[in-house]
Amino acid sequence: MTRKFGAKFLAATVTRALTITANITGRPLRAMMLTLPLLAQPGLAAAQNMFAPVAYVNDKVVTRYELDQRMQLLSTLGGGTSRQAALDALIEDRLKMEAADRIGFAITDEQIAQGIAEFASRGNLQPEQFLSLMARNGVSAQTVRDFLSVGLTWRDYVRGRFASKAQVSESEIDRALQENGPSGGLRVLLSELFLPARTPEEAAQSEALAKQIAANPSVAAFAAAATKYSVAPSRDKAGRMDWSAIGDLPPPLRAAVIGLKPGEISTPLSTGNAIGIFQLRSVAETDTPTPPADAIEYAAYYIAGGHSEAAMKRAAEVEAQVDTCDDLYGIAKGEPESVLQIDTLPVGQIPNDVALELAKLDPGEVSTALTRADGQTLVFLMMCGRSYAAKADADRDQIRNQLQSARLSALADSFLAEMRADATIVIP
């Protein structure tokens, strides 16, 4: 719980604040108390104010000096933050150390020194060079030690407390290898526009229109054209697609998009009965490269009626009853075998229109954008899973460590949230 108090509360806690400040600075409390009568002098009051409390956390305090130091430290490291975020982090630091203190857990000076050395090595610096750099930017060596000490203490405390709850089974590793592609790498934010091409005459008209649209490549103009001309369901969203990993796009689209700059439009891509053009709206990078999927398992359940109201209603009923592709066997029971097709194919062998829809889906998700038989049959398309050549060769220990780290992080965050909810936190 967080409470705010004014000057009366501050006056009642000056002695307590000075006691804590004495502990921080190493100055005798008696000497600190002798300065009280002088606080009315503006200059001395300002000097003392740097050690004024900015938060009380149970029986611990966070000072203005620590808050200023934390913000300067983060700024020097290139990860600046807001004052409130820095204060929240310091409050959590107090809670973390309090939990460790309760069981007498502490790290050694050697561990802190090793932590500083590892931190410095990220910038190709020796520990002394790193601390000197911090000092030149107004960050004390003690601030650096405190920052790393809390991090190292909390890491080891969490491992000791939650290790038994964070065990990863072999089946979980198998699922991670089979079901999940890499989460990092290059991602793209696209808009799509599909024009009909069911006959040679229609295709020629659509190609001409695609050239006109590409000649005016602003995002607003493309969105307006998608809303007006596109035959894809995404026209209701002005053609906007969600973020997609570049490796999950079908090869023709991946090749068309990889050379684009934001705002540019791809060359037309044929899907058999339609022509698609794509506009790159944004690109994002993460640390881990995303390899292309080498095979995709997907299901196609065919429903008579195309995009009619009855067929779409049936598709919605089916979607409500299935969680995985295997569930579709039960849906199709008693129907001709031809109504359900579940395949695992190399990406290059999947029809373009199907591949484009699958690129938008995660395992278990469904699309009803496609039809067959000249629009008379609705394709209930479901993504079953992707396989990645790079992940097939992944080190199981690496996967285990990743899953265990994620589980430990979740348990630690939950425990910290409970401690914060139970703590008495006072913001003067």
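Biologist: Which residues in α7 meet which residues in α9?

Modeller: This is a predicted model, in which local features need pLDDT of at least 70, side-chain atom pairs count only at pLDDT 80 or more, and totals for chains, interfaces and linings use all residues. Residues are numbered from 1 along each chain as its sequence is written, and side-chain values use heavy atoms, with hydrogens and water left out. Contact means heavy atoms within 4.5 Å; helices (H or I, at least four residues) and strands (E, at least two) are DSSP runs, numbered from the N terminus. Here Gln111, Ile112, Gly115, Ile116 and Phe119 of α7 meet Arg145, Phe147, Leu148, Ser149, Leu152 and Asp156 of α9.

Biologist: At what angle do the axes of α7 and α9 cross?

Modeller: Axes are lines fitted to C-alpha atoms, for helices over the stretch in contact, and angles run from 0 to 180 degrees between N-to-C directions. The axes of α7 (residues 109–121) and α9 cross at roughly 105° and come within 9 Å. Angles of 65 to 115 degrees count as roughly perpendicular, so α7 is roughly perpendicular to α9.

Biologist: Which residues touch the most other members of the largest nonpolar core?

Modeller: A nonpolar core is a set of buried (under 20% relative accessible area, 1.4 Å probe, protein chains only) Ala, Val, Leu, Ile, Met, Phe, Trp, Tyr and Cys residues joined through side-chain atoms within 4.5 Å. Among the 25 residues of the largest one, Leu87 and Trp154 touch the most other members. Its largest share, seven residues, comes from α6. Leaving aside neighbours within four places in sequence, Trp154 is in contact with Lys96, Ala412, Phe415, Leu416 and Met419.

Key:
Buried < 20%, exposed > 50% of the residue type's maximum accessible area, 1.4 Å probe, protein only. Parallel < 35°, antiparallel > 145°, perpendicular 65-115°, else oblique.
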